[in-house]
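Student: I have just opened this one and would like a walk through it. Could we start with the overall form and then go inside?

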Amino acid sequence: MAGEVRFPGTYALSRKDERVSDLLKRAGGLLPSAYAGGAQFFRAVNQAGRVNLDLERVLERPGGPEDVALQLGDSLEIPEYLPTVRVEGAGNAAGSLL
């Protein structure tokens with residue numbers, strides 16, 4: 001667990017059916033600066049790599065279908081909310097915008 005949670009770090013699975021919402025509780029929850037929509041979930045088993053995870057839905061409905069059971073080697077990164085967008089290309093106003 002990395003990023004914008006109260007207690008980032010490495011967590012051992014506490015039980016076989018532990019889910020993402022359980023891990024977030026153990027990590028103290030999201031900080032006010034967290035951007036749940038940008039969360040990245042990685043699964044090491046079978047070299048699955050990045051897995052789409054709708055963390056906002058997981059937080060709305062703990063235990064629901066989006067709240068996946070964790071496996072050994074999984075990781076979750078929650079970025080800080082940055083209210084900017086980088087615009088590049090053939091436009092006249094390339095740069096960062098709020």
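Tutor: Gladly, and keep in mind that this is a predicted model.

Student: What box do the C-alpha atoms fill, then?

Tutor: Taken along the principal axes, the C-alpha atoms fill a box of roughly 55 × 30 × 25 Å.

Student: And how many helices and strands are there?

Tutor: There are two helices and six strands, and reading along the sequence gives the pattern β-α-β-β-α-β-β-β.

Student: What share of the residues is buried?

Tutor: Of the 98 residues, 28% count as buried. The largest nonpolar core has 16 residues, and those with the most contacts inside it are Met1, Val20, Leu24, Leu55, Leu76 and Ile78.

Student: Which elements give two or more residues to that core?

Tutor: Those elements are helix H1 (20-26), helix H2 (55-60) and strand E4 (75-78), with H1 supplying the largest share, three residues.

Student: Let me pick Leu76; what is it in contact with, leaving aside its neighbours within four places in sequence?

Tutor: With those neighbours left aside, Leu76 is in contact with Met1, Ala2, Val20, Leu24, Ala39, Gln40, Phe41 and Leu53.

Student: Switching to charge, how many positive and negative side chains are there?

Tutor: The protein has 11 positive and 13 negative side chains, and the centres of the two sets lie 5 Å apart.

Student: And the surface?

Tutor: The accessible surface comes to about 6,700 Å², and 52% of that belongs to carbon and sulfur atoms.

Terms used. Residues are numbered from 1 along each chain as its sequence is written. This is a predicted model: local features need pLDDT of at least 70, side-chain atom pairs count only at pLDDT 80 or more; totals for chains, interfaces and linings use all residues. Side-chain values use heavy atoms; hydrogens and water are left out. Helices (H or I, at least four residues) and strands (E, at least two) are DSSP runs, numbered from the N terminus. Buried means under 20% relative accessible area, exposed over 50%, partly exposed in between (1.4 Å probe, protein chains only). Accessible areas come from the Shrake-Rupley method with a 1.4 Å probe; for residues, only the protein chains shown count as cover. Lys and Arg count as positive and Asp and Glu as negative; His and the chain ends are not counted. The place of a charge is taken as NZ of Lys, CZ of Arg, CG of Asp or CD of Glu. A nonpolar core is a set of buried Ala, Val, Leu, Ile, Met, Phe, Trp, Tyr and Cys residues joined through side-chain atoms within 4.5 Å. Contact means heavy atoms within 4.5 Å.
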